[in-house]
Amino acid sequence: MTKEYFARELVRRFPEYQRAYQDHLEAYGEVLGHVLFCELNPVLAGLLKAGRDRALIRRYMDFVEDMYRDGDDEVKNIVQVTILEYLGDDEAVLRGAFAYFSEALMEASKAVEAGWGRRDIRLYRRHGKLLYEW
């Protein structure tokens, strides 16, 4: 699925982004994925840092998971470069995010962090449960 699909899905799932979406289309005439989806970053990072409103965090993470799982290569790149890199800027935020990430997002985040040389994340299984450390 395309960035345009996920832009519409963002507004459907999170109506509070309707104005930002409209302003974005008026300003650029098209969906610029990295620009539009960076709107999620401060909200999601703030929620993760505070560690409250787990249901809302889950809704955001489900959206990011859907983008990464079902998106085309451009959407996957948006998740990696715009969202995962931002979450990795703050270790406490990233640790909070890992509590919600699927294995696929853990692997993607691990690659992003290694690429930036910020941290070496090790994923392993114990008693069937996926664990991580850095």
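Modeller: Buried means under 20% relative accessible area, exposed over 50%, and partly exposed in between, with a 1.4 Å probe and protein chains only. Helices are DSSP runs (H or I, at least four residues), numbered from the N terminus. In helix 1 (residues 3-13), the buried residues are Lys3, Phe6, Ala7, Glu9, Leu10 and Val11. The model is predicted: local features need pLDDT of at least 70, side-chain atom pairs pLDDT 80 or more, while totals for chains, interfaces and linings use all residues. Residues are numbered from 1 along each chain as its sequence is written, and side-chain values use heavy atoms, without hydrogens and water.

Colleague: Why does Glu9 count as buried?

Modeller: Its relative accessibility is 8%. The cut-off is under 20%, so Glu9 is buried.

Colleague: What makes Arg12 and Glu9 a salt bridge?

Modeller: A salt bridge needs a side-chain nitrogen of Lys or Arg within 4 Å of a carboxyl oxygen of Asp or Glu. Here N to O is 2.6 Å, so the pair qualifies. Arg12 is exposed, because its relative accessibility is 58%. Glu9 also bridges to Arg13, at 2.9 Å.

Colleague: Why are helix 4 and helix 5 called oblique?

Modeller: Their angle is about 135°, with axes 10 Å apart. Axes are lines fitted to C-alpha atoms, for helices over the stretch in contact; angles run from 0 to 180 degrees between N-to-C directions. Under 35 degrees is roughly parallel, over 145 roughly antiparallel, 65 to 115 roughly perpendicular, and the rest oblique. The pair is therefore oblique.

Technical notes: Helix = DSSP H or I, 4+ residues; strand = E, 2+ residues; numbered from the N terminus.
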